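This report looks at how the parts of one protein chain meet. Please have the sequence and the structure open while reading.

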Amino acid sequence: MNSDLTSFADLAPAFPELLLAIGAIVLLMVGVFASAKSANQIVLGIAMALLAATALLEVAVPVDGVLFNGAFVQDAFARFMKVLVLIGSAFALAISVSSADEHRLNKFEYPVLVILATLGMLMMISANDLISLYIGLELQSLSLYVIAAFKRDSSKATEAGLKYFVLGALSSGMLLYGASMVYGFTGHTQLDEIARAISLGEPSLGLIVGLVFVMAGLAFKVSAVPFHMWTPDVYQGVPTPVTAFFASAPKVAAMALFVRVVFDAFEPISKDWQQIVIFVSIASMVLAAFAAIGQKNIKRLIAYSSIGHVGFALVGLSAGSQIGVEGVAVYMAIYLTMTLGLFACILALKNDEGYVENIDDLAGLAQSRPFVAAGMAIIMFSLIGLPPLAGFFAKWQVFLAAIEAQLFVLAVIGVLASAVSAFYYLRVIKVMYFDEVVHQFEESAFALRLIIAISGFLIVTYYFTLGVPLTQWAQTAAGSLF
């Protein structure tokens, strides 16, 4: 498609983004002018419908193309990742419905901010230029900073929001500095033009420095070691439905951006960035495996778990091959399913003192709430990567890519880190099934039980249901980058 627009139809590749942008503005108006009591429910309902409609539009009207003078690209890879992001955001909103009052999220601004953050994520995934990449990243980040500190009367949430904002600003600065270095040494901001400029001659030291800074900024967004320090504090401090959102959609979008930048812009110097990705991957897997062992708070445990899973997904990226990208795509889809299911389990557990915070509070859960305990156990086994659950196939694909690329040491370290991480996942199962009952929990909302059931079903039956179509779609998505 020619990037010179002659009619509205030429904008077809960007219709999902336009729908979300217009929807966010309309929802803001609805929230302002509707009565305070009804506005929250109306805006939340429309926001979830809007995300579902956008995901449907992505799948039903697959128009590929490059727009805005090459700044925006829509292809099979972008579509795959965008659908995951939209599903993640919609389910994160659904998870928040039953507990919005307790977590002070019962204001119409919350779903609007989620929509705006999601719009930023879609722009990130389709960014084909360092400038559009940065705009998408900042739209997402600024919305997330506000969401993190949304519970204003909580000192924990305010502290988490401030930490996230300060460290996020630092990472944005690093990314921007790296982007300016890359522009300075190649003369281009467009990703494919950067690759063309690099391939013409020997890469200069300045370009490598720029690459390192760009990758540092991206590593922060996926919370990979050594840029992970904000994750446990923010996950613990913000309300649990917000943690569910942070741990799902933004991770997928940042990983998609990571993949696109290294393959579209830095393909000619793949040996240089592969070393960085391998280091970050090993550091994330190993640190998370050992740091999570001492955690008592369940949200901090999930934070270290998510750092570890980012490390596993980066194993696929380290391979620098099409099968590696396919592995990353499948891994993120399965990670999303497990994460949303896990947070639905946590939010389904409420006692007189509030929602579950510590692992010890889960004692005897199998006797008092057998359905939630079973759902949580299935997800924990899948996070370890035990066959025949979905988590096993996720790890299988990324390790296979690493072995094909002859990164045997990386694959072995990954398997060993996976074995160590089994300790803290199994500890949660042991507490639920073998300890004496400590708390009696209230009956949970139907929506949460439904999400737990869907997540558990997909994880258990992955090989027979989702496995083949998801892998084929991931193959098509990865193929569009090569």
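This is a predicted model: local features need pLDDT of at least 70, side-chain atom pairs count only at pLDDT 80 or more; totals for chains, interfaces and linings use all residues.

On the side of domain 1 that touches domain 2, the elements that give two or more residues are helix 3 (76–96), helix 8 (205–221), helix 9 (230–237), helix 10 (240–247) and helix 11 (249–265). Helix 3 gives the most to this side, with 13 residues, and the residues of the side as a whole divide into 36 nonpolar, 11 polar and seven charged.

The protein chain is divided into domain 1, which covers residues 1–265, and domain 2, which covers residues 269–481. Taken over C-alpha atoms, the centres of the two domains are 22 Å apart, and 54 residues of domain 1 are in contact with 49 residues of domain 2.

The size of an interface is often given as the accessible area lost when the parts come together. For domain 1 and domain 2 the buried area is about 4,500 Å², with 81% of it on carbon and sulfur atoms. Within domain 1, the residues that lose the most area to domain 2 are Phe80, Val225 and Phe263, which together account for 15% of what that side buries.

## Salt bridges

Side chains of opposite charge can pair when their charged atoms come close. The structure holds 13 salt bridges, and two salt bridges are counted between domain 1 and domain 2.

Which side chain does Glu102 meet in a salt bridge? The partner is the side chain of Lys350, at 2.8 Å from N to O. This salt bridge between Lys350 and Glu102 links distant parts of the chain, with Lys350 in strand 3 (residues 350–351) and Glu102 in the loop between helix 3 and helix 4 (109–126), 248 residues apart.

## Aromatic pairs

A search of the whole structure finds 20 aromatic pairs. One of the pairs is formed by Tyr164 and Phe246, whose rings are tilted, with 5.5 Å from centre to centre and 50° between the planes. Tyr164 lies in helix 6 (residues 155–186) and Phe246 in helix 10, so the pair ties together parts that are 82 residues apart in sequence.

Methods
Residues are numbered from 1 along each chain as its sequence is written. Side-chain values use heavy atoms; hydrogens and water are left out. Domain bounds come from an automatic or database domain assignment. Contact means heavy atoms within 4.5 Å. Buried area is the accessible area (1.4 Å probe) that two parts lose on being put together, summed over both. A salt bridge is a side-chain nitrogen of Lys or Arg within 4 Å of a carboxyl oxygen of Asp or Glu. Helices (H or I, at least four residues) and strands (E, at least two) are DSSP runs, numbered from the N terminus. Ala, Val, Leu, Ile, Met, Phe, Trp, Tyr, Cys and Pro count as nonpolar, Asp, Glu, Lys and Arg as charged, and the others, Gly among them, as polar. Rings of Phe, Tyr and Trp (its six-membered ring) pair if their centres lie within 6.5 Å; planes under 30 degrees apart count as stacked, over 60 as edge-to-face and the rest as tilted.
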